[in-house]
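Please look over the sequence and the structure before reading on.

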Amino acid sequence: MGPLVTQLFGLISLTVALDNGLLKTPPMGWMAWERFRCDTDCKDDPENCISEALFRDTADRLAEDGWKELGYEYVIIDDCWMSLLRDEHGRLQPDPSRFPGGIAKLARYIHDRGLKLGIYADMGTHTCMGFPGTTLDKIEIDAQTFASWGVDYLKFDGCSSNPVEQMLGYPLMSKALNATGRPMAYSCSWPVYIGGLPPNVNYSFLGDICHLWRNYYDIQDSWDSVQGIIEWFSNNQDDLQPAAGPGRWNDPDMLIIGNFGLSVDQARSQMALWTIMAAPLIMSNDLRNLDNSARAILQNKVAIAINQDSMGIQGRRLLQENHIEVYWRPLSHSASVLVFLSRRTDMPYLYHTSLAKLEYDAGNYEAYDVFTGSTVTELNATTELTFSINPSGVVMWYVYPEQQSKQTETLHNQHNKASQFAFHKAKPVHLTVL
Ligand code: GLA
């Protein structure tokens, strides 16, 4: 980094902060990209092309099929929504044939259903798919345009720009969004373009200007891709984990559950690991055609409640042995979540451990198995546990101190959050674990 760039960086750090109170828990919703990409062929593929109909359909599904009540609220347009030309005032405009009603009308449709609208732009000369980019001189007008349309969330990509432009552009967009007076969540792809790690990425500064950020490569519809992401985030957890907290989230990219690439076990693994990572739960799938197992995983109330834990502490990988990995995340009310992930490819593996081996304090605990729905009582730190973990699958345990379970239940009843914390009501089963 040259001295001029360092000085600029210092100056920007002093003058910019985005604190509009949004995203105190990781955002939840749906984004077009992974499933629908840049399909602009509305003639031959009218159901799946990037058009206002796709976003209206998705909003209908979110509102009518129980997603909204669970917290899935953002409907996010990705690349390929734009016309190739700005309008006569220099403003971005949607492709007129695919978005004939315009974005403001689409925003109203989405807001009328109690949902929020996200949109995509790119810090650079062109978006990743070659549509008009937001160069430094266009940042203000684009922020104003989005606000005037009623946009609630901006994904700001970084194709076709250099590191200096990015260093200037990402904070400037933060400031420009603030200046509109409309609270908008701000997702920054900046880290991906500069390697994702310190010293290139200054995560504490990033947390001051963005609500979330993409750290790593794009997710694809395969278990290989999901594994690669989990691996990179875990290998670099010392740098990434402390960066997260309420209003500032690492984003390992979309949930691909319900598409073509994951088995049921692998889909649970993605949900479990995204929960450990306090990751955004932003699906990219076809909500009009979703099988029941995918729906059950994505609508798992306990997994969602854990992902949305108010402390917002990202979890960590504790250990790896025999191709089994153990992950842990601390939660409110002295609870925690444990995930046992199998990276094996042979058969269900019997993994022996105890809470004490995983550094839990002595004491009595209960646990709720998030995907089977069974409760384990009369557990202490030294109880020997045996888990059977399927190849590329997980076991996910919500663990809480026994003496608190009653108190916690009362507390949650008072707040009438019975649905979120259904796990305290589940029928207890005694510890035979297998
Ligand atoms: C980049 C981003 C993706 C998506 C595409 C769109 O690759 O990382 O998430 O937005 O651009 O072109």
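Where is His333 found? His333 sits in the loop between β10 (324-330) and β11 (336-342). Helices (H or I, at least four residues) and strands (E, at least two) are DSSP runs, numbered from the N terminus.

## Basis of the model

This is a predicted model, in which local features need pLDDT of at least 70, side-chain atom pairs count only at pLDDT 80 or more, and totals for chains, interfaces and linings use all residues. Residues are numbered from 1 along each chain as its sequence is written, and side-chain values use heavy atoms, with hydrogens and water left out.

## Backbone features

His333 is a residue other than glycine with a positive phi, near 60 degrees. With a relative accessible area of 35%, His333 is partly exposed. Buried means under 20% relative accessible area, exposed over 50%, and partly exposed in between (1.4 Å probe, protein chains only). Glu378 is not a glycine either, and its phi is positive at about 50 degrees. Glu378 is found in strand β14 (residues 375-380) and counts as exposed, at 59% relative accessibility.

The peptide bond from Pro198 to Pro199 is cis, and its omega is near 5 degrees. Pro199 belongs to the loop between α8 (190-193) and α9 (203-209).

## The largest cavity

On a 1 Å grid over the protein atoms alone, a cavity is a set of points where a 1.4 Å probe fits but cannot get out; lining residues have an atom within 4 Å of a point. Grid points are joined across faces, edges and corners, and a volume is the space filled by probe spheres set on the points. The count comes to 3 cavities of 30 Å³ or more.

The largest cavity holds about 80 Å³ of space. Its lining includes Ile230, Phe233, Leu273, Arg316 and Tyr327. Two or more lining residues come from each of α10 (223-235), α12 (264-276) and β9 (316-321). The largest share, 3 residues, comes from α10. By class, this lining has 6 nonpolar, 4 polar and 2 charged residues. Ala, Val, Leu, Ile, Met, Phe, Trp, Tyr, Cys and Pro count as nonpolar, Asp, Glu, Lys and Arg as charged, and the others, Gly among them, as polar.

## The second largest cavity

The volume of the second largest cavity is about 70 Å³. Among the residues that line the second largest cavity are Lys155, Arg214, Asp251 and Asp253. Its lining divides into 5 nonpolar, 1 polar and 4 charged residues.

Notes
1 Å grid on protein atoms, 1.4 Å probe; cavity = no way out; pocket = protein on both sides within 12 Å on 5 of 7 lines; lining within 4 Å.
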